[in-house]
Every structure is written in C-alpha cells, then in structure tokens.
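Please keep the structure open beside you as you work through them.

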Amino acid sequence: MKLHTFILSLAWFRSNPPFHRSDRGTLSRIQMSMKLRRLIYLICFSLGFGFARSVTKTTHTLYLGKEKVWVDIYERAGSNITFVNLHDNENTSAEAGRRFVEKYGGRLIELRHGRGREVVVRLNGVLYRFDPNRMFSEAGLRASLRYFRANSDEVFHIAAAFRDSVINLVDAKAGMVIVALHNNTQDKMTIRDYRPGGWYGKDTKKVNINPRQDPDNFFVVSEADLFSALSSLGYNVALGAKDPPDRGMFLDYCVRHGVSFITVEAEHGKLIEQMEMLEALRSVLMENNTITIDKSGFPSPEMPIDSIHSH
Ligand SMILES: [Zn+2]
C-alpha cells in the first residue's frame, strides 16, 4: 500500500467512521452495513497498490489549429474497462482512474492541454473555446462553439476533425464499458439537477437521491440494472432517458453505438470518495458480468458481498 493512500484512507475514515458512539442506538442496520461496505471498498482499493503491475503510457498529440492537445493513454492488461477524462482541469477523477488501471487493469484516456475545462482552437492568433463533452454531434458542437462565441465554419471543421481523432483513439464499440470521469465544484452541479424540472431532468428517466450522501458525488448510468444495483448500495444515481435531446455529449454517442456508459461525478479534490465509487462500480459490474477482471497473479481481495447483504 502506498503511504499517501493509506494516510488519505485513514483521514477519510476518521471523518467518516462506520458509526458514531451516539448513533449506535439509532443507526439502522442498513446504514451500518452501507458504511461498513464503503470502508471495505476503501481497504480493498488501498491494499492492491502494493501489488500493482506496470502501466504503459502512450501520448498522442492532436492539433486544434496551432493549439496542441495531448491524449495520454494509460493501459494495463487485466480488465476490459475504459475510463475517459475529457475535462483537463478535473484531475482528481483522472487520478482515481489511473489508480484503478494500476490496480485492476484497463485503459484510461486523458485529454491534457493546460487550458482548463474546455479545449481551445488557436487560429490566426485568436483563441476559440468549446466543451469537449459537447463535440460528439454536429448540433452539440455548433451549440458549444456558439456558447463561447466561436461561431465560424473554419473553427467548426477544425474542432470536428479533433473530435474524430478522439473517437478513433477511444475506439468505442458495442459491448464495451466506458466510464466517464468528471469532477464538479461543490453545490454547482449535483444529483438534484437530475430531478424532474432540474437542469438534466428531461434527460433523466429515474433518479435515486440518498440524503446521507454528498449530492456532488453521483453516478449517471445508461442501464436500468446498474441503476438498481447502485441505488440499493445507497449511492446517488441518475438513469439516463432512452432518447435524450441531442447535446453532443460522449454519453449520447456511446449509447447510440451500443456502448455501456457510466458517468462518475465527484467534487474536486475528493479522491478517496471517487476511488471508493469506482471500487463499488467495479463490484457491481462484475456481479452483472458486464466487465471482466483478470485476477491471475494478482492477490486482489474479493468483496465479501454476501456477508454484507445478510445484515
Ligand atoms: Zn467534466
């Protein structure tokens, strides 16, 4: 176990003990088992690092006019899960993905350019901005360019070529599992935005909000069985509508192409919480036989799911 992971886990545990002495009489068994389960996920996540095998990193350079965007691909055999981090300033989520790949295998694709959340086209000395998570349809990309006052056909074509290169690198195909990693600012975007009437209400079929969970930390899933499994574990989860409006999000692209898609959102800086969410997601996906994890030569502890269910 890496020392700083252990210290972070310890700090998290101190602020989130499985139960408080004063709670002991009132805390329900379900709440207790949820907290214990989360603690077990954390311990599992921490334990694996000592045994992690090496991850290969490949960097591709893409151009937006004169502007460079580096696409880092971290890979290790062992799992067929792909993480994608489109927003460059959402570094906590990328770190959680890297640690997952280091421990269980899989792929992390991370965009890097140092310009913040959006990417930038540099053309004739002018910078034009757009959201890389709105570029996956013509309407979405045009709307994002308009939003940032970059309404020019030349910029659109450069941005569309960049989008196609990203699609080629991710190579999303039917049957794959893609996990989008994001971070948000406290209370700016929360699970509450997915309720009917909320910002993402029209895109959402169902929502599960656990008032005991931080509303900044949540999953968005495209499949009903994942929604049920994560809800029953007490997470904040939104189930995407089957036919959402065309926003040009990567989620929409993947759903159209038969790819299982899960978004994991956590507040900036909440690494332990996001790692723990990935650990929970892994156990749910493995129970549903959605992903495969090769455990050969890797003494990763299994989740004692049944013993927890029996509480
Ligand atoms: Zn994001």
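Predicted model: local features only at pLDDT ≥ 70, side-chain atom pairs only at ≥ 80, totals over all residues.

**Notes on the fold**

1. Helix H3 (residues 91-104) lies across E2, strand E3 (81-85), E4, strand E7 (177-184) and E11, and its direction makes an angle of about 155 degrees with that of E4.

2. For an overall view, the protein chain contains nine helices and 11 strands. Of its 311 residues, 42% count as buried. Among the contacts in the protein chain with a separation of 6 or more, 69% are made by residues 24 or more positions apart.

3. In what order do the nine strands of the open sheet stand? The order is E1-E2-E4-E3-E7-E11-E9-E10-E8, and the pairing is mixed. Strand E1 (56-64) and E8 stand at the edges and have a single partner strand each, so one side of each is left without a neighbour in the sheet. On average, and with direction ignored, neighbouring strands of this sheet are turned by 20 degrees against each other.

4. The mixed pairing can be followed strand by strand. Strand E2 (residues 67-76) pairs with strand E4 (residues 106-112) in the antiparallel sense over seven bridges, and Tyr74 is found opposite Leu108 in E4. E3 and E7, by contrast, pair in the parallel sense over four bridges, with Ile81 standing opposite Val177 in E7. E7 and E11 also run parallel and are joined by eight bridges; here Val179 stands opposite Ile262 in E11.

5. Which residues of helix H6 (residues 224-232) are buried? They are Leu226, Phe227, Ala229 and Leu230. An α-helix has 3.6 residues a turn, so residues three or four places apart point the same way. The buried residues of H6 pack against strand E8 (204-208), strand E9 (218-221), strand E10 (237-240), strand E11 (260-267) and helix H8 (271-287). After H6 comes Gly234, whose phi is positive, near 90 degrees.

6. Finally, consider a pair of helices: helix H4 (residues 138-147) and helix H5 (residues 153-170) pack at an angle of about 130 degrees, and their axes are 11 Å apart. H4 and H5 are therefore oblique to each other, and their crossing is right-handed. Leu141, Arg142 and Leu145 in H4 meet Val155, Phe156, Ala159, Ala160 and Arg163 in H5. Sorted by class, this contact of H4 with H5 has six nonpolar, no polar and two charged residues.

Note on methods
Residues numbered from 1 in each chain as written. Buried ≥ 20, exposed ≤ 12 C-beta atoms within 10 Å, placed from the backbone. Helix = DSSP H or I, 4+ residues; strand = E, 2+ residues; numbered from the N terminus. Contact = placed C-beta atoms within 7 Å. Pairing = 2+ DSSP bridges. Axes fitted to C-alpha atoms, helices over the stretch in contact; angles between N-to-C directions. Parallel < 35°, antiparallel > 145°, perpendicular 65-115°, else oblique. Left-handed = near helix turned anticlockwise from the far one by under 90°. Nonpolar A, V, L, I, M, F, W, Y, C, P; charged D, E, K, R; others polar.
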